[in-house]
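Let me put the structure up, and then I'll talk about rings and sulfurs.

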Amino acid sequence: MPRLTGLAGSAALALAVLTPAGSAVAADGPGDTLYVAKANCSPTGPGTKAQPFCTVQAAADAVQPGQTVKVGPGNYAEQVSLTRSGTADHPITFDGGGILAPARIGATQQHGLTVTGAAYVTVRGFLVNGTAEAVVLDHTDHVTLDGNRIGAGSLSNMAPATVRLTGGPTATTLSRNHVYGSSYRTVSVEAGATGTVLTGNSVISYASADTVVVTDAPGTVITNNSVQTDCGTALSLAGSSAGATVANNILAGGDRAIVAAVCDQLPTKLAVAATAEAGTRVSYNLLNPYVSAYGGTFGRGTAYRWGGKDFSTVADFTTASGQGAHDLIADPKLSVSPTGMSVQAGSPAIDSGDADAPGVLDADFLGHHVVDDPDVPNTGPGGGYRDRGAQEFTDSPGWPALSSRTVPTDSPVTVTPATDPMWSPAVSYRIDFGDGSTPVTEDKPLPVTHSWPATGTYQVAVTTYRANGDALTVTPSVQVNTPGPLVPHFDPYQRDGLTYTVSAYGTSPWDVTATAVDFGDGSQPASGPYLYVDHTWPSPGDYQVTVTVTDAGGRTEKLVKPFHVDYHRSGYHPVTPTRVMDTRTSGLNRPLGTGESLTIPLDQLPAHVTAVVLNVTAVSEWGGGYLTVYPAGGDRPSTSNLNFRAGATVPNLVTVPVGHQNGVSVYNFAGNTHVVADLLGYYTEGSGDRFTALAPARLLDTRASGRALGAGGEQTLQVTGRGGVPAGATAAVLNVTGTRSTSGGYLTVYPTGQARPGTSNLNFTAGQTVPNQVVVPLGADGKVTLYNRFGSTDVVVDVFGYYSPTGDSLFVPVRPTRLADTRRSGNPLGTGGTLTVPGGTPAGATGAVLNVTSTAATTGGYLTVWAHGTPRPGTSNLNFTADQTVPNHVTTPLGADGSFDVYNFAGSTQVVADLFGFFLK
């Protein structure tokens, strides 16, 4: 069952604070009330509602017996001094608005409030602050402080006291106040005070020496207070303070790190001097001597100090003093709010106090009257269910049911008070619709219908009056709007890759009751009153999204919206080649079989990666086939990245968008093959280097020099300053070919000046000509190093472009798309033939990332790829032999019309070209 605990700090639940029984309040008739306000005020009065005083002090100087001073909301930065007296029959009352919304006095002044020599004065409902004592009562008689929030001092400027009673005040009552501060004494009752009653107060000390201190003040009544201390004594009766009553109080230790950091010793909860023992009654208190700090137990202080002797248990204390037989030592389960301390469910304070103790009040500082918690045994006398401490633990009246919270003007809303069973029965209900209309009063929770003719936000105050005297109010709001249509909305924001954060909702003068989104990709539609979800489309493309919205007015509307899904333009980040998969030693630890797929996790990548560049190698065990690399979690495309024969080792560069959790998947069409993958770099939105495409240029051909690269040999190649690659380039796109090899082996290309990685860029057998494209970071001097593992081989290197911070284009990955396949037309590319292929890219694209494959060749030869409309370069992109299927990754500039050309040197061959991405300025 919901509880009304600590609700003062909740904006959702407003509580009616009741006038405490027995408090003297003058009738609010003509001449009986003076007003203070911040607006339309006069410094000299007359203090009417039409022309109020500007200051509280002006009203204090003018007030007469029997009058009430009502102070409006606001901060009155003044020290208020009260010297005028009322009489027993005609007291003076100052009303600051209540503990939940008090007017503020004091602020930076030394004192917030001083009452000197005055009698029969009540001050309630103020927030009082001071840098010294916040409140001083000096030589007063029958002065009451009720329902105020009072604070003083700071850790850097400790106040002598927060509330100080001095000069022998008589019949002082401090009731239902929240008193706090960094003071040497939070509440100080000094010598000569008689008839003092401290009841229903929440008192908190922050690193003070002592909290409530009564000195040479006999007969003091201290009942139903909640006191929390850090370093000092929670409650101290010193000097000749005999005949006191200490009942129903909670005396607790602090729960903050300051205890461990500041306190020299652990605090005592109750200290009674030997001179104050006579006639003093201690009963039904709840003491918590434990102090926790930093989430652990700091230690245990002293529960009692009686006549100078310490006692840690109730039994020992009772044996020695004859007092405290019904005291408890336990955790009170306190919660602190801006208005004070309250207990939570399960507290031993609930229904265990003495209802007959002197000074017991009918209601606490939030207006809660005594109520029986049916889940807790009643153990106290005088009715059995009085709580210990300052605040009564109670239940909630529950929230009313509203047929709608958002409506057009003049549309009816039905309000039904809650019918939840309550600890104290409801006797009547009052519903105020917040628009100035006459409230409705019912003796049963009957539905009431109301409409509002004007737009605005209205607080509907539903008050439940209970048999125990409580009047508890909850205030749900109703938004009243101008009549209008129901309009669905679809607002996507591209978050990462093909994942969008989608906001789908409807605007309507009514409540929107349902929203559903069909994303148009075959996935499960999302639904809810308002949608704010992440959705990942399986691939780039055009989708038809449907948003269906229903409102409380019974209307349903649909929005059908074409939506294009694509990747971000991205910059490139070259990395030192890193092996991310090798099924020979990790992952599957076996070959990838026919029709099988595996996922390569790329957890080392940062967020917002759109695509990766991998060198993927198939190490076939038996059977020929091909590998397809595609985004993890996405649909597998009908393209291939590399083809292999039985027993062959075939590498190829792959540029592929990333999928779920930055992963990519690898599919094997047929045969059994191990898969080796090396990460060479990645693309991200918003950062990275830009690409500049170049007309292909040859940088190295060892055949011309007659210096083949021997076994274990290395050759350094200058890249910057050649072929159009400028100084400042960070990586180069090279086509590297091994030819005329004397044995099987592999080549590794890496930045000069860095350690050679344990990866390869292309593999070959004796006599084989094998090309592969390489995206390699450049060393500090703009060079790369080529390493040959076995035998000797000639090496040919062509440059196709470079990356740099000042490059001209960003990369956009695409779902692999087939651009050309001469097998479909049955017209292979013949000797010296040229095939022009539209790039399938948007206007303005500067380059394309392709996978170009030669298959069914009639003789050995090579293919050259270059921008349409420009001279054919003297370079090659892939070499093949008769009947061999050879793919190669190709990064090529595009012609002005977005096309590229493919040239076949000899024989005839089928040509397949797939698009994997493009570059845009």
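I'll go through the aromatic pairs, then the charges over rings, then the disulfide.

Quick housekeeping: this is a predicted model, with local features needing pLDDT of at least 70 and side-chain atom pairs counting only at pLDDT 80 or more, while totals for chains, interfaces and linings use all residues. Residues are numbered from 1 along each chain as its sequence is written, and side-chain values use heavy atoms, with hydrogens and water left out.

So, rings. Searching the whole structure gives 23 aromatic pairs. Take W537 and Y543: their ring centres are 6.2 Å apart and the planes sit at 50°, so this pair is tilted. For the cut-offs, rings of Phe, Tyr and Trp (its six-membered ring) pair if their centres lie within 6.5 Å; planes under 30 degrees apart are stacked, over 60 edge-to-face, and the rest tilted. W537 is buried at 1% relative accessible area, and Y543 is buried too, at 12%. Buried here is under 20%, exposed over 50%, partly exposed in between, using a 1.4 Å probe and protein chains only. Ring pairs also join W537 and Y543 with F490, Y500, F519 and F563 in a cluster.

Next, charges over rings (NZ of Lys or CZ of Arg within 6 Å of the ring centre and within 35 degrees of the ring normal). K38 lies over the face of Y76, 4.7 Å from the ring centre. R756 does that with Y787, at 3.7 Å.

And how many disulfides does the search find? It's 1: C41 and C54, sulfur atoms 2.1 Å apart, where the cut-off is within 2.5 Å. The S-S torsion is about 95°, so the disulfide is right-handed. C41 itself is partly exposed, at 27%.
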